Amino acid sequence: MKKTYLLLACIFCLSLTAFAQTASDYIIAAKQGNAEAQCKLGTCYINGNGVAKDYFKAAEWFRKAAEQGDAKAQYNLGVCYARGNGVPKDYFKAAEWYHKAAEQGYADAQYNLGGCYTRGDGVPKDYSKAAEWYHKAAEQGDAKAQYNLGVCYYNGRGVSQDISEAIKWWRKAAEQGDAVAQNNLGVCFEYGDGVPKDYSKAAEWYRKAAEQGDAVAQNNLGVCFEYGNGIPKDYFKAAEWYRKAAEQGYAKAQFKLGVCYYNGIGVSQNISEAIKWWRKAAEQGDAVAQYNLGVCYYNGRGVSQDISEAIKWWRKAAEQGDVKAQKSLADCYYNGRGVSQNISEAIKWWRKAAEQGDAVAQNILGVCYEHGDGVPKDYSKAAEWYHKAAEQGDAIAQFCLGVCYYNGFGVTQDISEAIKWWRKAAEQGNAEAQFKLGGCYYTGQGVSQDYAEAIKWWRKAAEQGNAEAQVFLAKSYLFGWGVSQNPAEAVNWWQKAAKQGNAEAQKILADCYYDGAGVTQDYAEAVKWYRKAAEQGDAKAQFNLGGCYYNGIGVSQNISEAIKWYRKAAELGDADAQDILADYYYNGFGVAQDYTEAVRWYRKAAEQGHVDAQKSLANRYYYGEGVPQNYAEAVKWIHKAAEQGDADAQFKLGVSYGDGKGVPQDYIKATEWYRKAAEQGYAKAQFNLGNIYYFGKSVSKNYAEAVKWWRKAAEQGVVGAQFGLGHCYYAGFGVSKDQSLAKYWILKSAQGGYEPAINFIKEQGW
């Protein structure tokens, strides 16, 4: 509970002595000029004691006595001027008469004069003089003055601040039964303010004041019973004391009593009764009650739901600085709930809460500045607000601040600092930070590479349901990163991520079912997961789903459906899908034949480095299909495929250089490309390379090298190479003559329909 001490108070009191005599007993003496009788007669007129109550006559007799120097009469006349009883209200004259009485040592006048100097009533405001007069009255045992003098010492108003001295005077007043002083002593003991902390003594003083009906003390005693501070915990007594204070109109007690009813603490739960008391407190300006009342209206709990009414109460609380209300009001403006959406207004209230140190609001402001939501995008301010929240331990802000340092957003890039903040967030259980921290350990970025540590953090995040972490944990089990290789466990984690809608996991899980990797092969299940990922826009899943429809695997064969998914993947840039779609347009398969459309898709795939598309595009330029015939452009694309190591393209590039089509004729380059293809086992290139060595084109004639390459091509069924190899055995070129082998290869070539071999056999009569 926040420490509170009542402001200085001044109670105007007439010094009225209880006596049996009536006005008639004093009239004769008063008329004869007896000051004491005149003062007592004035008192009779004030109280209507033996005479009709008459403030004018009272003031008249007080004046007569006062002018004779009677201190009590001077004091009472001062009260009349202060209240306007029988005389016009006049603070200056009130202070003047108080002063006369005070100088004669009249304690009540000294006390009231202190009040005049405190407030500046009839005299210039002067705290030093106020304290001086309180002190004079206090030393005479005036409890009210003792209390106020204590306040002066506590606050350092008119005297040097001295908590011990404040407590000394409060104790004197309290021992005389001053309830406010008793309550203040209780507060001092509760918080150890100027005295050793002692809950028992605090409760003792609160009880003394509470039993006198002091509402503040009753509330404080209720708190003691609620939490068991200095006395046994007793919810029923807590509610009882809260009620006493609440019924006196004390707002804090009304709020607390509302809480008791809302939660059924010390009373039977009763939401309507809770709202009743919160409303009473709220109407007195209690911000927490206003906030709670707003919550009830927002949720329709105990009252009909009314967002506008909720906002009304939240605004009242927010304007008093209640952080929860400020955040709730901000949320309403941000989402347009109960008010027109207004991001700037939302930012205004979040900022107020943030400036009071609320970490959630600080983090939200950081997000707004990061994304330019309602404020100009400003990474520096984003990082500044994240930092404020992060230092308070807000895990989300710590994660976001880590991202700022990792990427150099609004701060100097610093991977170590990023890891520091991610670790703080991760240790609080933030799954995103755990995932990021795991990634750093996996790559060795900012920390020593440590697969086991990476797995540790990924597992923590994965067990909280972080799909990205589940995917990486699955890959770890698949490839044995930091754990024993376990395909079944990999599938287990992919399933978890896939069920959360992670497209990558859905696609990989589909692959597992398709290939029977880690699970029983199940094409229908594969199709199910390909479809889920495909519907989220995963291009590879769309491509694979297209393949399933094309081949009727896991679904009924449906070419139109296959083309639909291939097209989706192609439009997302999947080169395999673009190449297949191009083939369909080229061949008129499932779509109307359209060379131009085929070329368009071949080009998209080719520009991504797709070898088959590059070769197909080269063919379109070579034959002028869908584009004007252009040998140079054909060679350009076949060259790209050849440079990627495609043997067929290397062979065709060799042919282009050999024929001089699209490029200047160059046998050396032709030989170079034939060799590349031949060394990869490409039979036609091996045959052509053999021809080059046999005839000595661009290289020295070398029958042995010719035989070497023809043999490779011959063994792959190239009839020209078979005839050439047989001829070498027949003539002894590059090998020893061998008629048996010559006849074997030449007959094999003839059987393949090679005309020169057929003619040679006829000539030889074989």
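This is a predicted model: local features need pLDDT of at least 70, side-chain atom pairs count only at pLDDT 80 or more; totals for chains, interfaces and linings use all residues.
Contact, in this report, means that heavy atoms lie within 4.5 Å of each other.

**Glu432 and its surroundings**

Glu432 belongs to helix H24, which covers residues 431-443. Once the neighbours within four places in sequence are left aside, Glu432 is in contact with Phe399 and Asn466. With a relative accessibility of 43%, Glu432 counts as partly exposed. Between Glu432 and Tyr45 there are 82 Å in space, C-alpha to C-alpha, and the two are 387 residues apart in sequence.

| Pair | Residues | Angle | Axis separation |
|---|---|---|---|
| H4 and H5 | 71-83 and 91-103 | roughly 165° | within 8 Å |
| H17 and H18 | 307-319 and 323-335 | about 135° | 8 Å |

The crossing of H4 and H5 is left-handed. On the H4 side, the contact is made by Ala71, Gln74, Tyr75, Leu77, Gly78, Val79, Tyr81 and Ala82. On the H5 side, the residues are Tyr91, Lys93, Ala94, Trp97, Tyr98, Lys100 and Ala101. Sorted by class, this contact of H4 with H5 has eleven nonpolar, two polar and two charged residues.

For the second pair, the angle of about 135° makes H17 oblique to H18. The crossing of H17 and H18 is left-handed. H17 contributes Ile311, Trp314, Arg315, Ala317 and Ala318 to the contact, while H18 contributes Ala325, Gln326, Ser328, Leu329, Cys332 and Tyr333. By class, eight nonpolar, two polar and one charged residues make up the contact of H17 with H18.

**Cysteines without a disulfide**

The structure holds zero disulfides. The cysteine sulfur closest to that of Cys400 is in Cys404, at 7.1 Å. Likewise, the sulfur closest to that of Cys404 is in Cys400, at 7.1 Å. A disulfide requires sulfur atoms within 2.5 Å, so the separation of 7.1 Å is too far for a bond. Both residues are also classed by their accessibility: Cys400 is buried, with a relative accessible area of 14%, and Cys404 is buried as well, at 3% relative accessibility.

Notes
Residues are numbered from 1 along each chain as its sequence is written. Side-chain values use heavy atoms; hydrogens and water are left out. Axes are lines fitted to C-alpha atoms, for helices over the stretch in contact, and angles run from 0 to 180 degrees between N-to-C directions. Helices (H or I, at least four residues) and strands (E, at least two) are DSSP runs, numbered from the N terminus. Angles under 35 degrees count as roughly parallel, over 145 as roughly antiparallel, 65 to 115 as roughly perpendicular and the rest as oblique. A crossing is left-handed if the near helix is turned anticlockwise from the far one by less than a right angle, and right-handed if clockwise. Ala, Val, Leu, Ile, Met, Phe, Trp, Tyr, Cys and Pro count as nonpolar, Asp, Glu, Lys and Arg as charged, and the others, Gly among them, as polar. Buried means under 20% relative accessible area, exposed over 50%, partly exposed in between (1.4 Å probe, protein chains only).
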